[in-house]
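Please walk through this model with the sequence and the structure side by side, taking one region at a time.

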There are 2 protein chains.
Amino acid sequence: MDERKKTILKAIVDDYVATAEPVASKALVRNHNLRLSSATIRNVMAELEEMGYLKKPHTSAGRMPSDKGYRAYVDNLLSVPAISKEDEKSIRDFLSVNVNKAQDLIERTVECLSNQTNYVSVALSPEYSDSSIEQIKIMMIEPGRAIVVIVLSAGVVHDRLIRIPAMLDEKQLNAIAHSIERCLTGKKLDDITLVTISSAAEGTGLPDALVNQVLYEAYIAIKQTEKIEVYIDGRHRLLQHPEFQDVERASRFYSVLRQTQMVAGYMRDVQHEEEAKRRAAILDQHDGDAEKELSVRKPAYMVRIGQEIDIEGMENASFITTTYRMGGEIAGQIGIIGPKRMNYGDMIAQISFVNKAMSAEAHRHCGLPPEDEDDLDATSFESLG
Amino acid sequence: MDERKKTILKAIVDDYVATAEPVASKALVRNHNLRLSSATIRNVMAELEEMGYLKKPHTSAGRMPSDKGYRAYVDNLLSVPAISKEDEKSIRDFLSVNVNKAQDLIERTVECLSNQTNYVSVALSPEYSDSSIEQIKIMMIEPGRAIVVIVLSAGVVHDRLIRIPAMLDEKQLNAIAHSIERCLTGKKLDDITLVTISSAAEGTGLPDALVNQVLYEAYIAIKQTEKIEVYIDGRHRLLQHPEFQDVERASRFYSVLRQTQMVAGYMRDVQHEEEAKRRAAILDQHDGDAEKELSVRKPAYMVRIGQEIDIEGMENASFITTTYRMGGEIAGQIGIIGPKRMNYGDMIAQISFVNKAMSAEAHRHCGLPPEDEDDLDATSFESLG
DNA sequence: ATTAGCACTCTATGTCAAAGAGTGCTAATT
DNA sequence: AATTAGCACTCTTTGACATAGAGTGCTAAT
């Protein structure tokens, strides 16, 4: 694709994103300094359409980008701007209140991102399977019920009510609790199985039947912390966008969004895939020097457009997702879902800064260790290979 | 209003609710066994319109109920059916899974109610100000951070991460925690103030500065549990109803629904007002016998229609709300929000049964004491006075 | 008191014409 | 060879108009 085609494609995408109307040749000469007549533009447009980058809603209408057109735009023509100082401030301010623990921060981040972008924002809780248990406590609530508190790292605390045998008294429960504590503290979540945990049964001097129920419930509580939680916000914003003026369509889209587990699974898979690809590419380039490790850390901004999305009913949407980090190792996904017609550059800039601000807050408010600031910059980004 | 007018008004409301179209005189004779000609019906309709119970979208159209018409229908013409065995089963089944504590149950109930009614469902967490603290524990997470666990009654457990002075070690924290525990256990939430709690500072032998921060944070944690939480579900269902086919309108309605604190406040106020009125009425009738106490317990089903709702932007909606009970004393609000055109009888039947099933589950799954089953029947209901 | 009958009103639908915006192609221009 | 002016052609949008149909309100008859 020659330079001129690129310029024109970029101009068309920019205009279309701004207006939501098919872009006409005359409008292009009017709004951009192209130094060409509309007739020439028409010729180029015809070629771009031939090549599959543009399409027309009907014969005598202007052009709009096809999925392929958006893809080319995002891969080659896009520049990611810096976000304004005001935006920076409002993001930081927004994230710095009402946050007591990691889960609060994620919730707040999703809301913030949706505010900033005016689209739907989704986050997945980190995958904790690699984290280890720092503390595990079991406390009696009343005969027959207890609470398990699991601390993974400073900001990440989960708890769950469990049933215990009704005849177990507080002293006995404490004995079992201590035994579990001794047995599991420091263990990776991934490495904990029913077998691991059952070794805690020994030495309490209590009948197996009693102990086993507690162990089992504790095990369930632990496994529960590994479950990926989905945070989603901003669904109400969709109706403001012209592509969702059709109620039928909006309604169908909402049904898909309700399948949160599916959306989450997709986000995670795609991100993993992407990161693996990236790691491989870097490893390929400089064969195994230390610098690579660091570089892999930079978050990849993953963009999926329209048909590229493998979810029934999402053919008219786009995803922009990335990986967030809290306290060094803990990592989950965050991103936005909007119509294909969105300002990809600005959106990436927003996600990028929100991501960075979130990591900083995780350190400040949740007691998690700090990140290396450099790793969080998003001047460069990667998309679909 | 004579019998015939009532019959016809009821028929019109029923038809309009079923079809969402203005009801014509001919259609009425066709669908109902009225033994009158359409001309007579037309005369009656004209009178009902004159009286303000009906209105027409334009001169030559059929009639639809006005707010006043709905009100008369709900107050005098409505019969609340029994719900089907299948509905009973699916409600019970739905509420009996994934429930570990009171908060889970409320969440589940809201979802259930929205499923059953196909409208938006809202619940408010109970007002705990009358409840007392059964247990309060503070546990160290890491230097500088601790978790406060507050147990109000078996199924109601709140926790919150707090900051503590970094130099406080585990032993010292435990000393303070025990002191707080001794001081607050059994106290009503309402009666706990900064002054009450500060008496726990004595006798720990630690410097005031250290102790005070912990006390203050614990106090905040306690006050936090009193905050009314709003649960809401089913917003996506609105778009299915003909009254929300206009995106503009749907969007405006969503904005109002986002003001959850406002909606919650309204629900609570109206319910309180209603219950006070009711109590007064009963007290007035039988002057102060024991039976009254019991009778006041029966939940009042509060219906607010259109203009009656005092919230900007809700003029086209209806509320049906009621009070739920868990474990005897604990009580909050639950209800649905839908278009004015809804099947009030069926909806009240659904809310009523969901309410009853919820109380039963609170006993079974959250360890709360059982309710007196009779109190939960909703064959009778009360509405706006 | 009820009803048949009819004039009148309003909506919904379809057709038609005209205006406007845009393209594609051809022929002229640089 | 690349660009552009010019024009025919296509498609949408808008408004005007006619028509059918549904419904009411009123009058006169039962």
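Predicted model: local features only at pLDDT ≥ 70, side-chain atom pairs only at ≥ 80, totals over all residues.

DNA strand D is surrounded by 21 residues, the closest of which are S37(A), T40(A), T59(A), S60(A) and S25(B). Of the atoms of DNA strand D that come within 4 Å of the protein, 74% belong to sugar and phosphate.

Several individual contacts to DNA strand D can be picked out. With the phosphate, a polar side-chain atom of S25(B) lies 2.6 Å from an oxygen of DNA strand D. With the sugar or linking oxygens, a polar side-chain atom of H58(A) is 3.4 Å from one such oxygen of DNA strand D. With the bases, an N or O atom in the side chain of S60(A) is 2.8 Å from a base oxygen of DNA strand D.

By class, the surface near DNA strand D is made up of 6 nonpolar, 10 polar and 5 charged residues.

Sugar or phosphate accounts for 78% of the atoms of DNA strand C within 4 Å of the protein, and bases account for the rest. An N or O atom in the side chain of K56(A) is 2.8 Å from a phosphate oxygen of DNA strand C, while S37(B) places a backbone N or O atom 2.9 Å from a phosphate oxygen of DNA strand C. A base is approached by R42(B), which has a side-chain N or O atom 3.2 Å from a base oxygen of DNA strand C.

For DNA strand C, helix α3 (residues 38-50) of chain B gives the largest share of the nearby surface, with 4 residues. That surface near DNA strand C holds 5 nonpolar, 10 polar and 5 charged residues.

How are the two protein chains related? A rotation of 180° with 0.0 Å of shift along its axis superposes chain A on chain B, with an RMSD of 0.0 Å, and this is therefore the relation of a two-fold axis. Within chain A, V247(A) has the C-alpha nearest the axis, at 3.2 Å from it. The same surface serves both copies, in that 97% of the contact residues of chain A recur in chain B.

A last stop is E275(B), which is found in helix α11 (residues 260-285) of chain B. Leaving aside neighbours within four places in sequence, E275(B) is in contact with A300(B) and T323(B). By comparison of positions, E275(B) and T193(B) are 82 residues apart in sequence, and their C-alpha atoms are 29 Å apart in space.

How values were computed
Residues numbered from 1 in each chain as written. Chains lettered and ligands numbered in written order. Heavy atoms only, no water. Near = heavy atom within 4 Å. Polar contact = N/O pair within 3.5 Å; in protein donor to acceptor, adjacent residues only side chain to side chain. Helix = DSSP H or I, 4+ residues; strand = E, 2+ residues; numbered from the N terminus. Nonpolar A, V, L, I, M, F, W, Y, C, P; charged D, E, K, R; others polar. Least-squares fit on C-alpha atoms with pLDDT ≥ 70 in both. Contact = heavy atoms within 4.5 Å.
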